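Colleague: Could you take me through one part of this model up close? I would like to hear about the ligand and the space around it.

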Amino acid sequence: MGAERLNEPQVEALWNRAQMAGMSRRKFLVLLAGSGATAVLMACAKAPTPPPPVTTPPPTTTPPATTTPPPARLIYKPIPEQFFVPLGTNAEMRFEDMASRQYLMPNSLFFVRSHTSYMFVDAKSWQLSIEGDGVANPFMMNYDDLLKMPATTLTRYVECAGNGRSFYTSLLNKPAQGGQWHLGAYGIAEWTGVLLSDLLKRAGIKSNAVDVMPIGMDSTQVQRPMPVAKAMESDTLVAYMMNGDLLPVDHGFPARVLTPGWVGVANVKWVTKIIVSTTPLYSDKNTTSYVLIGPDYQPQPPALGPILTNQTMKSAICLPFPATLSAGPQNVAGYAWSPFGKISKVDISLDGGSTFQGATLAGPNIERAGTRWQFSFTAQAGSMTITPRATDEKGNVQYPVPQQKWNQQGYIFGAMVPHPVTVV
Ligand SMILES: Nc1nc2c(c(=O)[nH]1)N[C@H]1C(S)=C(S)[C@@H](COP(=O)(O)O)O[C@H]1N2
Ligand SMILES: [Mo]
């Protein structure tokens, strides 16, 4: 056990630490061989540590001590820059990487949006409680209980309300506060979990219940209310699997709420409590953030503006932003998605939105998930834009940029995005 393989500098650093703690070379070697570095460090922690010399600062060439904790990671999974645009506690998926892939976004490449760093939850002690004055029989369950309930598997997207926020600056020239996402705060996955409606029924939800609020276990306990009607929808889940694997740490292990089509924030990760109420519920996430604030919107006390519910329709191209293509025949791939239904068509403009040609929809086309599309054209040397425009089965169509209303926090950008391309 504990037999982590240390390289020589690591062993050396560990030995330095052990010497500081007054450990003999013999004891050090026995501990290291038997139980590994952790055991050495634990023994060091118990031993009295001589005070560090005050007068002589440590030489700058000293190898980093093994006891210094690594810099706090904000995101648990690796987020190499080839695949992600790092944005603090968040990481944007690079759409260009999806060009050569299939429909679903793999867990390792799925965008991350966490208000603070990830939360590491022990499934063995985790509990989920359904409580509040809106239920007759509040109850608590553990991880095994959740996994034993009837499960539902469905394919849906999660998208951040701020996805596309950077275009308020680059296309409208009206900057908006928050992470400057392009379009990669969006991902489709296959989710498995228990219908939230099953949990609410089991708790004896009352007919006069109005709001349901899941609460996360992260440091700020992200909580975001939704009306009972949304909670009872046939695809609202407490999900514990993602693309056939246990929910990854960054995406809410052991369980998260899935509210398809809604603003990402309602998909509460690391959920531990769900409050059901007979009176409207409020948190900061439906009063001061995830509300629309701006000249086109009125306050709705206690909320500072209209409370966000659904996302907007969008489309994106699987190319770097901006992109470089070579002159000649080109075939580009993209995605289009709507919170209201399946995508019925995608049209492409190569002249900034004056004329459009139909793209070919390819692969699955799933409501509140999206579809892939393909488009072939002949690229002429010079600068150009490729502008996709999605239409959904309910007749919603993406609109030109000038019709995009602005809001302070840059939510729900839904206009067509002209993708800049240099053809060489
Ligand atoms: N507990 C908790 N849940 C959360 C968040 C969070 O910070 N904490 N972020 C929300 C936001 S703003 C979004 S967009 C989605 C992102 O989900 P993902 O990180 O799995 O892509 O999770 C939501 N659920
Ligand atoms: Mo979000």
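**Around ligand 1**

Modeller: Happy to! Of the 20 residues around ligand 1, those that come nearest are His 115, Asp 218, His 251, Arg 256 and Lys 269 (near means a heavy atom within 4 Å). Please keep in mind that this is a predicted model, where local features need pLDDT of at least 70 and side-chain atom pairs count only at pLDDT 80 or more, while totals for chains, interfaces and linings use all residues. Residues are numbered from 1 along each chain as its sequence is written, chains are lettered from A and ligands numbered from 1 in the order in which they are written, and side-chain values use heavy atoms, with hydrogens and water left out.

By class, the shell around ligand 1 has ten nonpolar, six polar and four charged residues. A polar side-chain atom of Lys 269 lies 2.5 Å from an oxygen atom of ligand 1. For His 251, a polar side-chain atom is 2.7 Å from a ligand 1 oxygen atom, whereas His 115 places a backbone N or O atom 2.7 Å from an oxygen atom of ligand 1. The protein covers 100% of the 530 Å² of accessible area that ligand 1 has on its own (Shrake-Rupley method, 1.4 Å probe).

Ligand 1 sits in the largest cavity, meaning that more than half of its atoms lie within 2 Å of the cavity's grid points. A cavity is a set of points, on a 1 Å grid over the protein atoms alone, where a 1.4 Å probe fits but cannot get out, and its lining residues have an atom within 4 Å of a point. The volume of the largest cavity is about 220 Å³. Its lining has 18 residues, with Arg 113, Arg 256, Gly 264, Asn 267 and Lys 269 nearest its centre.

Key:
Polar contact = N/O pair within 3.5 Å; in protein donor to acceptor, adjacent residues only side chain to side chain. 1 Å grid on protein atoms, 1.4 Å probe; cavity = no way out; pocket = protein on both sides within 12 Å on 5 of 7 lines; lining within 4 Å. Nonpolar A, V, L, I, M, F, W, Y, C, P; charged D, E, K, R; others polar. Points joined across faces, edges and corners; volume = space filled by probe spheres on them.
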